[in-house]
Amino acid sequence: MANKKHYIITAVTLGVIAASSGALIGVANLVTRNQIALIEKNKIKAGIVDIFGEFAVISKEESVSDYKYVNYVYEVSGDNDQFLGYAYRTSGSNMYGKISLLVGFAYETKALKKFTVVVNEQTYASTLVDKYINPLNDKEINIDDVSCGATYGAKLVREMLNEATQASTKKWKN
Amino acid sequence: MGKEKGATKRNFLKGIVNENPLLVSILGTCPALATTKSVEAAIGMGLLFTIVLVCSNVLVSLLRKLISEEIRTPAYIVIIATFVTIVKMLTNAFLPELYSTLGVFISLIVVNCIVLGRAEAYASKNGVFDSFIDALGMGAGYTLAIMLMALFREILGTGAFAFGKIFTFIPYFKLQIIPVGYEISIFQNPAGAFIVFATILAVIAFIKNRKTELKTIKEREEKIRKQQEAKALAAQGGNK
């Protein structure tokens, strides 16, 4: 009987701790979520400018569910509502953390223009950016070249870029 | 009252000097090696670490009589993980530069053995105030240790000391210490972190060994002096 009581108290204590933790995290989420969303939105805006130029703005936003990594597609226009192209927001993760990219495709060439990193929570975050993402953007290396210090992250980036390219090809055909 | 104040001071200082978690106990080395590229990042990491350590120590101490033996470790992990998640959310929202600089190492505070170690070894056995002071001392000790590492790595690796890039509310400034082109970039790489860490540990070991050596020499001299005195006394007694 005493044993049973002990087990019940133990389970209830752990349950109360877990519930309180959940509640605290919930409150923290409530306090921070708008600010985090705003920061992410600003990062997307900055990424669009980085890819398409100073006057580029998002004219239309659409969520995508047919792909593993591509979540959003943004229609980008410039001065005088001139259509500049599409930007695809991709998110993925592996055992080293999450990466989210903004991949831009120009209307003129219908090809990959540039991509930027929105979120990079990889353990080798800086290595990935320095040794793979930056050279790739500067066209110094091929997309399949993953012989860098962050091979797993590089593979994930490559897969996301390939999927964004597929989504873009499909969209241009339509 | 004075005695109590002295004990509190000793409790705080032990985390900085005698029981420094990084330089004496060699705990929490992973984030110390990874987040010490710049002093600013090290300060950020140290602050977040201290906040988590203080909050978890205080809560564990408060609940120490309620948490039974069987669920101690899972309960501590849940408490620590909660504070890490909250700190991570707050950093993401209000210090985004620090969040992107430290990246996954904020989440990894959950598995930092110093936090769990202090909860288990100290907070579960002591009162709230003592646990608070202990956590504050350990946090300060860890922060100072990683700041010291970062100072060497930043100056030697980049040739300059910069501030205001992560804590954007502080005006940015950069002080060029080593002429451009003469910096040693290896100190910005993981290998450089190991070199700096090992050098600091070697210096500490040298100072400790020297202290012990001097103490031993002093004791031996004292012993010889006492023996000589005893001999002299015995000789005097014999003469009489």
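In this predicted model, chain A holds an open sheet of five strands in the order β1-β2-β3-β4-β5, with antiparallel pairing. Its edges are formed by β1 (57-63) and β5 (112-120) of chain A, each of which pairs on one side only. From one strand to the next, the twist averages 20 degrees. Within the sheet, β2(A) and β3(A) run antiparallel and are joined by seven bridges. Tyr72(A) has Arg89(A) of β3(A) standing opposite.

Helix α3 of chain A, residues 151-173, lies across part of this sheet: β2, β3, β4 and β5 of chain A are the strands concerned, and the helix runs at about 145 degrees to β3(A). The helix has 23 residues, and the distance from its first C-alpha to its last is 33 Å, close to the 33 Å expected at 1.5 Å a residue. Buried residues in α3(A) are Gly153(A), Ala154(A), Leu156(A), Val157(A), Met160(A), Ala164(A), Ala167(A) and Ser168(A). An α-helix has 3.6 residues a turn, so residues three or four places apart point the same way. The elements covering the buried residues of α3(A) include those in the table.

| Element of chain A | Residues |
|---|---|
| β2(A) | 70-77 |
| β3(A) | 83-94 |
| β4(A) | 97-106 |
| α2(A) | 125-137 |

Two packed helices are described by the angle between their axes and the distance between the axes. For helix α3 (residues 39-62) and helix α4 (residues 72-94) of chain B, the axes come within 9 Å and cross at roughly 145 degrees. The crossing of α3(B) and α4(B) is right-handed. On the α3(B) side, the contact is made by Leu48(B), Ile51(B), Val52(B), Cys55(B), Ser56(B), Leu59(B) and Val60(B). These meet Tyr76(B), Ile79(B), Ile80(B), Phe83(B), Val84(B), Val87(B) and Thr91(B) in α4(B). By class, the residues of this contact between α3(B) and α4(B) are twelve nonpolar, two polar and no charged.

The two chains also touch each other. On chain A, 19 residues are in contact with 20 residues of chain B. Helix α1 of chain A (residues 2-52) supplies the largest share of the chain A side, with 14 residues. That side of chain A is made up of nine nonpolar, nine polar and one charged residues.

Definitions and conventions: Residues are numbered from 1 along each chain as its sequence is written. Chains are lettered from A and ligands numbered from 1 in the order in which they are written. This is a predicted model: local features need pLDDT of at least 70, side-chain atom pairs count only at pLDDT 80 or more; totals for chains, interfaces and linings use all residues. Two residues are in contact if their C-beta atoms, placed from the backbone, lie within 7 Å. Helices (H or I, at least four residues) and strands (E, at least two) are DSSP runs, numbered from the N terminus. Ala, Val, Leu, Ile, Met, Phe, Trp, Tyr, Cys and Pro count as nonpolar, Asp, Glu, Lys and Arg as charged, and the others, Gly among them, as polar. The expected span of a helix is 1.5 Å times one less than its number of residues. A residue is buried if 20 or more other C-beta atoms lie within 10 Å of its own, exposed if 12 or fewer, and partly exposed in between; C-beta atoms are placed from the backbone. Two strands pair if DSSP finds at least two bridges between them. Axes are lines fitted to C-alpha atoms, for helices over the stretch in contact, and angles run from 0 to 180 degrees between N-to-C directions. A crossing is left-handed if the near helix is turned anticlockwise from the far one by less than a right angle, and right-handed if clockwise.
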